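Please work through the following exercises with the sequence and the structure open beside you. Each task is followed by a solution that goes step by step.

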Amino acid sequence: MKLDIISIIKNIGASIRFDITDRLDVLDSGIGTVEFTGPVTVKGTATSFNRMIEVKGEAQVSYRTFCDRCGEALERSLTVPFNENIIERDEDDQDTAMEDDDRFTFTGHYIDLGRIAADAILLNLPMQHLCSEDCRGLCSSCGNKISGSGCDCEESQVTDPRLESLKGYFKNK
Ligand SMILES: [Zn+2]
Ligand SMILES: [Zn+2]
């Protein structure tokens with residue numbers, strides 16, 4: 001996902017807009033239970049400074065995962081902002097300390113928006129996924145999902161897992 005910045009690179013203060021949709025190989029393997037299902041859309045502006053390009057915008061991707069509590073399949077979409085300064089690196093600078101540097105760099109007149117987008121997405125992916133805020137997980141008696149249409153078990157049989165150990169305690173008395 002390369003952005004050609006030749007039209008602004010020698011023109012400090014100039015900017016171009018971009019709106020690119022493309023697959024990113026780096027996201028193909030997914031992460032944890034998250035499977036990216038579509039291409040990534042990257043929208044924003046690139047502005048030229050002295051040997052630096054400021055890239056600002058947002059990346060959007062959809063993915064499939066599962067509810068952490070009840071295991072229901074979920075389809076989600078994620079939009080994350082990014083704002084990066086991409087430093088121009090000389091072609092013959094390859095073997096210098098820049099290698100260990102975490103900053104984004106570019107040589108020539110292309111910027112790799114894919115790397116910026118993938119970084120922003122992986123950094124901002126939620127740690128937890130729930131089908132709904134109040135998902136109560138699965139019934140410990142029948143294994144069905146408790147929230148929504150629910151299960152047929154008596155309400156009294158449905159215990160909060162946090163109270164389960166306490167219940168055992170009283171039973172054994
Ligand atoms: Zn759930
Ligand atoms: Zn049940």
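## Exercise 1: The zinc ion (ligand 1)

In this structure, which is a predicted model, the zinc ion (ligand 1) is coordinated at 2.3 Å by the SG atoms of C67, C70, C131 and C135.

**Task.** Determine what arrangement the four donor atoms around the zinc ion (ligand 1) form, and describe how the donors are spaced along the chain.

**Solution.** 

Step 1. Begin with the angles, which run from 105 to 114 degrees around the zinc ion (ligand 1), so the arrangement of the four donor atoms is tetrahedral. The cut-off needed for this step is that four donors count as tetrahedral if all angles lie between 85 and 135 degrees.

Step 2. Next, follow the donors along the chain, where their spacing reads C-x2-C-x60-C-x3-C. C70 belongs to the loop between β5 (52-66) and β6 (73-88), while C131 belongs to the loop between α1 (113-124) and α2 (161-171), so this pair ties together parts that are 61 residues apart in sequence.

Step 3. Finally, look at accessibility, for which buried means under 20% relative accessible area. C70 has a relative accessible area of 11% and is therefore buried, and C131, at 19% relative accessibility, counts as buried too.

## Exercise 2: The surroundings of C135

**Task.** Find out where C135 lies, whether C135 counts as buried or exposed, and which residues C135 is in contact with once its neighbours within four places in sequence are left aside.

**Solution.** 

Step 1. C135 is found in the loop between α1 and α2, and its relative accessibility of 4% means that C135 counts as buried.

Step 2. When the neighbours within four places in sequence are left aside, the contacts of C135 are C67, R69, C70 and S147.

Step 3. Two of these contacts, C67 and C70, join C135 in coordinating the zinc ion (ligand 1). The C-alpha atoms of C135 and C70 are separated by 7.4 Å, although the two residues are 65 residues apart along the chain.

## Exercise 3: The zinc ion (ligand 2)

**Task.** Identify which residues coordinate the zinc ion (ligand 2), and then state what arrangement the four donor atoms make.

**Solution.** 

Step 1. The coordinating atoms are the SG atoms of C139, C142, C151 and C153, at 2.3 to 2.4 Å from the zinc ion (ligand 2).

Step 2. These four donor atoms subtend angles of 105 to 114 degrees, which makes the arrangement around the zinc ion (ligand 2) tetrahedral.

Step 3. Along the chain the donors of the zinc ion (ligand 2) follow the spacing C-x2-C-x8-C-x1-C. C139 and C153 each lie in the loop between α1 and α2, so this pair ties together parts that are 14 residues apart in sequence. C139, with a relative accessibility of 4%, counts as buried.

## Exercise 4: Helix α1

**Task.** Work out what span the twelve residues of α1 should have at 1.5 Å a residue, and compare it with the distance between the end C-alpha atoms.

**Solution.** 

Step 1. The expected span is 1.5 Å times one less than the number of residues, so the twelve residues of α1 should span 16 Å.

## Exercise 5: Salt bridges

**Task.** State how many salt bridges the count comes to, and examine which residue forms a salt bridge with D28 and which with E88.

**Solution.** 

Step 1. The count comes to six salt bridges, where a side-chain nitrogen of Lys or Arg must lie within 4 Å of a carboxyl oxygen of Asp or Glu.

Step 2. D28 pairs with R23, and their closest N and O atoms are 3.0 Å apart. D28 is partly exposed at 45% relative accessibility, and R23 is partly exposed at 44%.

Step 3. E88 meets R51 in a salt bridge of 3.8 Å, N to O. This pair links distant parts of the chain, since E88 is in strand β6 and R51 is in the loop between β4 and β5, 37 residues apart.

Note on methods. Residues numbered from 1 in each chain as written. Chains lettered and ligands numbered in written order. Predicted model: local features only at pLDDT ≥ 70, side-chain atom pairs only at ≥ 80, totals over all residues. Heavy atoms only, no water. Donors = N, O, S within 2.8 Å, 3.2 Å for Na, K, Ca; no water. Tetrahedral: all angles 85-135°; square planar, octahedral: opposite > 155°, others 65-115°. Helix = DSSP H or I, 4+ residues; strand = E, 2+ residues; numbered from the N terminus. Buried < 20%, exposed > 50% of the residue type's maximum accessible area, 1.4 Å probe, protein only. Contact = heavy atoms within 4.5 Å.
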